[in-house]
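Please work through each task with the sequence and the model at hand before reading its solution.

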Amino acid sequence: MSDPQTRQILRQSLRQQRRQLSYEQQKHAAIGLASHLPDHSLIHHASQIALYIANDGEIDPHILAEVLSARGKQLALPIMHPFNDEQLLFQRFRPGQQLMNNALGIPEPELSKPDLVPLQELDVILLPLVGFDPHGNRLGMGGGFYDRTLGGYTPAQRPTLIGLAHSCQQVEKLMAAEWDVPIDAVATGEQLIRFDR
Ligand SMILES: Nc1nc2c(c(=O)[nH]1)N(C=O)[C@@H](CNc1ccc(C(=O)N[C@@H](CCC(=O)O)C(=O)O)cc1)CN2
Ligand SMILES: Nc1ncnc2c1ncn2[C@@H]1O[C@H](COP(=O)(O)OP(=O)(O)OP(=O)(O)O)[C@@H](O)[C@H]1O
């Protein structure tokens, strides 16, 4: 599963599966995530947490965002870099804040330099993903945005990386590409799975 064509076929099939989840299944997963994840030590001890606005059937962290915000966590969202469109920036976000669709149709805050949060100041990034395996390999949308943004940092420098996923997004094995940044854990609507390395 390393060649780009195989990755693309798997990506299409996993994206289709998550888009086919019913409204009830999505709601159940979003509530489950918001009820177990805030109490986990990785989140409990974090003060600055990046998450995302759900798109394309992704597990929806918006209830989680409200719980975290009520517990005093500072939240941030990824925004597409205005000049270097292959990189993400992270900007302060308060639930309910006005957002605008970016070029890919995903809502994001309007760029405001004073509200940017340097990556090193984030304790945790909750990342969207298309697929994951039991070793912490992650398959994303194929833009390489998170990999490129995180690739310049050593594991010790970068925030803890927790993928958020529906359990149907787990696959047996993903061959990591050389640029793939492994994640530390995956949280589903039911549980948090930590990867030892
Ligand atoms: N919710 C969410 N936010 C995110 C990501 C993500 O995967 N999910 N990203 C993770 O990297 C970044 C954006 N990357 C993305 C890459 C491709 C597509 C996408 O839907 N592509 C469409 C075509 C869109 C178009 O051109 O109009 C497609 O492939 O069908 C979306 C986001 C940053 N924000
Ligand atoms: N650190 C990097 N340096 C150079 N190119 C990269 C890097 N990371 C990713 N890429 C490029 O980005 C493209 C997409 O990578 P990949 O298929 O791994 O994306 P993804 O992990 O699924 O997406 P995302 O990280 O946006 O969720 C690849 O073709 C690769 O060439």
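**Exercise 1.** Identify the polar contacts of ligand 1, and state how much of ligand 1 the protein buries.

*Solution.* Begin with Arg-15, which places a polar side-chain atom 3.2 Å from an oxygen atom of ligand 1, a polar contact being a pair of N or O atoms within 3.5 Å (within protein, one must be able to donate a hydrogen and the other to accept it, and residues adjacent in sequence count only if both atoms are side-chain atoms). Next, a polar backbone atom of Ile-53 lies 2.7 Å from a nitrogen atom of ligand 1, and an N or O atom in the side chain of Glu-58 is 2.7 Å from a nitrogen atom of ligand 1. Taken alone, ligand 1 exposes 680 Å², of which the protein buries 71%; accessible areas come from the Shrake-Rupley method with a 1.4 Å probe, and for residues only the protein chains shown count as cover.

The model is predicted, so that local features need pLDDT of at least 70 and side-chain atom pairs count only at pLDDT 80 or more, whereas totals for chains, interfaces and linings use all residues. Residues are numbered from 1 along each chain as its sequence is written, chains are lettered from A and ligands numbered from 1 in the order in which they are written, and side-chain values use heavy atoms, with hydrogens and water left out.

**Exercise 2.** Which classes of residue make up the shell around ligand 1?

*Solution.* Collect the surrounding residues, among them Tyr-52, Asn-55, Leu-88, Pro-128 and Phe-145, where a residue is near if one of its heavy atoms lies within 4 Å. Sorting the shell by class then gives 9 nonpolar, 1 polar and 2 charged residues.

**Exercise 3.** Describe the surroundings of ligand 2.

*Solution.* Of the 15 residues that surround ligand 2, the closest include Arg-11, Arg-138 and Trp-179. An oxygen atom of ligand 2 is 2.8 Å from an N or O atom in the side chain of Trp-179, and a backbone N or O atom of Gly-144 lies 2.9 Å from an oxygen atom of ligand 2. The protein covers 73% of the 650 Å² of accessible area that ligand 2 has on its own. By class, this shell holds 5 nonpolar, 4 polar and 6 charged residues.

Definitions and conventions. Ala, Val, Leu, Ile, Met, Phe, Trp, Tyr, Cys and Pro count as nonpolar, Asp, Glu, Lys and Arg as charged, and the others, Gly among them, as polar.
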